[in-house]
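Here's a quick tour of a protein model, made for someone just getting started. Take a look at the picture first, then follow the notes below.

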Amino acid sequence: MSGDGLVLRAEDATLGYGGRTVVEGLGLDVAAGEILVVLGPSGCGKSTLLRAFAGLLPAVSGRVLADGEPVTGTSADRALMFQDDALLPWRTARRNVELALALRGVPRGERRAAAVRWLDRVGLGDAAGRLPRELSGGMRQRVQLARTLAAGPRAILMDEPFGALDAQTRASMQRLLLDVLADAPATVVFVTHDVDEALLLGHRVVVLGAAGVAAEFPAPASRDEVLAALGARTKEVV
Ligand SMILES: Nc1ncnc2c1ncn2[C@@H]1O[C@H](COP(=O)(O)OP(=O)(O)OP(=O)(O)O)[C@@H](O)[C@H]1O
């Protein structure tokens with residue numbers, strides 16, 4: 001991973017699709033190297049916010065900034081990681097990671113060793129030659145994490161990345177993410193529905209509502225307070 005994390009900022013940003021507003025007047029700052037977790041009821045715009053930071057969705061009004069510059073499109077600096085398995089099925093784990101290295105401009109002769117180093121880092125050095133279908137769901141998510149990190153992003157936008165995993169695998173992925181980030185700090189915006197995951201990972205937890213950030217809890221956040229804020233938003237949506 002190169003350099004420090006990006007500073008992300010939404011400045012009075014209104015986000016939506018085709019004339020329909022999802023989030024209005026959002027103000028949100030994410031510090032370099034911060035892990036910000038976003039909670040909120042289904043449909044409140046969490047993924048929409050990630051898309052805006054990724055440069056996939058322009059703000060209807062207001063601004064979205066990365067290191068003070070308006071975000072106008074996607075960039076290798078800002079990686080998106082989803083719950084869905086987005087690995088190329090015909091490429092081995094190693095060759096999936098090599099693709100990220102190629103896109104980053106790593107010379108061909110260095111890619112193989114670098115890919116294996118990343119797979120080692122996520123505990124999959126031995127599985128480098130396997131195809132995605134020969135890996136468990138948790139292993140595939142680890143390959144995805146290796147591939148995301150190998151691309152050298154300065155911000156990682158994570159949309160419920162561990163949502164489909166069983167509790168034990170999920171817990172080990174959470175620890176792995178924290179470990180890897182300790183070595184190579186990037187800014188992380190992490191969307192989840194799981195309050196315990198939010199409390200474990202977040203340097204700060206925000207609850208998103210239609211009018212932007214409805215509540216904000218720096219770590220260590222109180223579980224009861226976060227649940228109460230979330231409950232209030234959910235009632236609003238229902
Ligand atoms: N591509 C799209 N075109 C039109 N509307 C969309 C599109 N993507 C999302 N929406 C709508 O925008 C709103 C916010 O969606 P978003 O996916 O950001 O919510 P979310 O908070 O991430 O939800 P969840 O927790 O269920 O994943 C929803 O009402 C959704 O239907």
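Let's begin with the ligand: the residues of the shell around it split into three nonpolar, six polar and one charged. Keep in mind that this is a predicted model.

**Around the ligand**
- Which residues surround the ligand? They are Y17, V22, G40, S42, G43, C44, G45, K46, S47 and T48.
- Helix α1, which runs over residues 46–54, supplies the largest share of that shell, with three residues.

**The sheet**
- Strands in a sheet pair up through backbone hydrogen bonds, and the pairing can be parallel or antiparallel.
- Here, four strands make an open sheet, lined up in the order β2-β1-β4-β5, and the pairing is antiparallel.
- The edges belong to β2 (20–30) and β5 (69–70), each with a single partner strand, so one side of each has no neighbour in the sheet.
- Strand β1 (residues 8–17) pairs with β2 in the antiparallel sense, and seven bridges link the two.
- If you'd like to find one of those spots, look for G16, whose bridge partner in β2 is T21.
- Helix α1 packs on this sheet and touches β1, β2 and β4 (61–66). The direction of α1 makes about 120 degrees with that of β1.

**Helices α2 and α4**
- Helix α2 (residues 93–103) packs against helix α4 (residues 137–150) at an angle of about 20 degrees, and their axes are 8 Å apart.
- Angles under 35 degrees count as roughly parallel, so α2 and α4 are roughly parallel to each other.
- The crossing of α2 past α4 is right-handed.
- On the α2 side, A93, N96, V97, A100 and L101 do the meeting, while α4 brings V143, A146, R147 and A150.
- Sort the residues of this contact by type and you get seven nonpolar, one polar and one charged.

**Helices α3 and α4**
- Helix α3 (residues 108–121) also packs with α4, at an angle of about 130 degrees and with the axes 9 Å apart.
- That angle makes α3 oblique to α4.
- Left-handed or right-handed: how does α3 pass α4? The crossing is right-handed.
- The contact involves A114, A115, W118, L119 and R121 from α3, together with A146, L149 and A150 from α4.
- Seven of the residues in this contact are nonpolar, none is polar and one is charged.

Conventions:
Residues numbered from 1 in each chain as written. Predicted model: local features only at pLDDT ≥ 70, side-chain atom pairs only at ≥ 80, totals over all residues. Axes fitted to C-alpha atoms, helices over the stretch in contact; angles between N-to-C directions. Parallel < 35°, antiparallel > 145°, perpendicular 65-115°, else oblique. Left-handed = near helix turned anticlockwise from the far one by under 90°. Contact = placed C-beta atoms within 7 Å. Nonpolar A, V, L, I, M, F, W, Y, C, P; charged D, E, K, R; others polar. Near = placed C-beta within 6 Å. Pairing = 2+ DSSP bridges.
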